[in-house]
Amino acid sequence: MPTLEKIIKEKVERLESVPNNLAVSVKKAQKDIFNEVLDLLGRLDRKDGAIVMSKQNLILIDEITLKTKKVVLGSDYVSAVQDFVNEFDTQATITTDFFEKLDVTITNEALTEQMLKSAKKNSAELLLGTPMDAQFLQPIKGLLDDAVSSGASWAKTVGDIQDFVIGNDKVDGRLLRYSKQIASDSFATADRAYTNVVADDAGFEWYFYTGGLLEDSREFCVERNNKYFHYKEVEKWGTLKNWQGRMPNTDPQTIFITCGGFNCKHSLIPQSVFAIPITDVKRNIANGNYKPSDAIMKQLGI
């Protein structure tokens, strides 16, 4: 059985590694999708290296758009999304192991199971459903509509579609950009929500803000990384406004789930007061957040 430290390390590191694994698969799938889309584009009428401005080509674009969706939903992209969604279950198991190490039993299993089910469903819908159509399929249709309406160069149109689907040395393909953001946020918030429900039910008051730092880490996370806080301190973060990346639904209750905001890889890990540095305990006694019993004060040596 892994130690508590190893469980926490794995739990936090997966907030980055799981979405990254999806990104690798999506990047590969984009190339296959483009090749099939290119075959579909070959049906457009052309003359002298340009796409013909015709009613028939405009009608054909609608058919190409529908078939492009079938291409996407029949590609490795779907398998990658399914594998990603399954990782929600693995993450929940790791979180359960974490609480077991702390001798905490999950008492509200019906709630946590439904939360997990809903999170998986929402993530799959964002990555495969109507939102994906708006982010990927409709823009392709728009590019083709413009190309036909203007009699654009065939070579330029193919290049534009390639940059959109696969990307180039300056920007990722649209599907990759979209899925990276959705995967990062949906996986992290689901993990935090699951953790928060159990921690709140068990009456945890203390948290460790951790997740490591990147070159582009926001000031919000830099200031709090690898530090300990009382839950009342955390709640106050939710009243702060306009920090970079802040999710619009952030408030004193949701801050435990949103943390640093969009694309944040940090977690609030529940802690026993006996794991908290004395300076942090004293800070919260002084500011009125924490009122320990005499027995706990004696155990802490305060």
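Reader: Let me start with one cysteine: is C264 buried or exposed?
Author: C264 is buried, with a relative accessible area of 3% (buried is under 20%, exposed over 50%, partly exposed in between, using a 1.4 Å probe on protein chains only). Please keep in mind that this is a predicted model, where local features need pLDDT of at least 70 and side-chain atom pairs count only at pLDDT 80 or more, while totals for chains, interfaces and linings use all residues. Residues are numbered from 1 along each chain as its sequence is written, and side-chain values use heavy atoms, leaving out hydrogens and water.

Reader: How many disulfides does the structure hold?
Author: A disulfide is a covalent bond between the sulfur atoms of two cysteines. The structure holds zero disulfides (the cut-off is a pair of cysteine sulfur atoms within 2.5 Å). The closest cysteine sulfur to that of C221 is in C264, 3.8 Å away, which is too far for a bond. C221 is also buried, with a relative accessible area of 4%.

Reader: Which residues is R192 in contact with, beyond its neighbours within four places in sequence?
Author: C264 turns up again here: the contacts of R192 include C264, along with F256, I257, T258, C259, K265 and H266 (contact means heavy atoms within 4.5 Å). R192 itself sits in helix 7, residues 174–202 (helices are DSSP runs of H or I with at least four residues, strands runs of E with at least two, numbered from the N terminus).

Reader: And what is the nearest side chain of opposite charge to R192?
Author: That is D191, at 6.2 Å, and R192 is buried yet has no salt bridge (a salt bridge is a side-chain nitrogen of Lys or Arg within 4 Å of a carboxyl oxygen of Asp or Glu; Lys and Arg count as positive, Asp and Glu as negative, with His and the chain ends not counted). The side chain of R192 does reach the backbone oxygen of I257, at 2.8 Å.

Reader: How many salt bridges are there in the whole structure?
Author: A search finds 16. One of them joins R283 to E233, with the closest N and O atoms 2.9 Å apart. R283 lies in helix 11 (residues 278–286) and E233 in helix 9 (residues 231–237), so this pair ties together parts that are 50 residues apart in sequence. R283 is partly exposed at 30%, whereas E233 is buried at 12%.

Reader: Where are K28 and D32?
Author: Both are in helix 1 (residues 4–41), four residues apart, or about one helical turn. K28 is exposed at 51%, and D32 is partly exposed at 32%. Together with D76, K28 and D32 are linked in a network of salt bridges.

Reader: What does the secondary structure of the protein chain come to?
Author: The chain has 12 helices and five strands. Its radius of gyration is 25 Å, well over the 19 Å from the globule rule for 302 residues, so the chain is more spread out than a compact globule (the radius is taken over C-alpha atoms, and the rule is 2.2 Å times the number of residues to the power 0.38). The C-alpha trace spans about 90 × 35 × 25 Å along its principal axes. Of the 302 residues, 45% count as buried.

Definitions and conventions:
A polar contact is a pair of N or O atoms within 3.5 Å; within protein, one must be able to donate a hydrogen and the other to accept it, and residues adjacent in sequence count only if both atoms are side-chain atoms.
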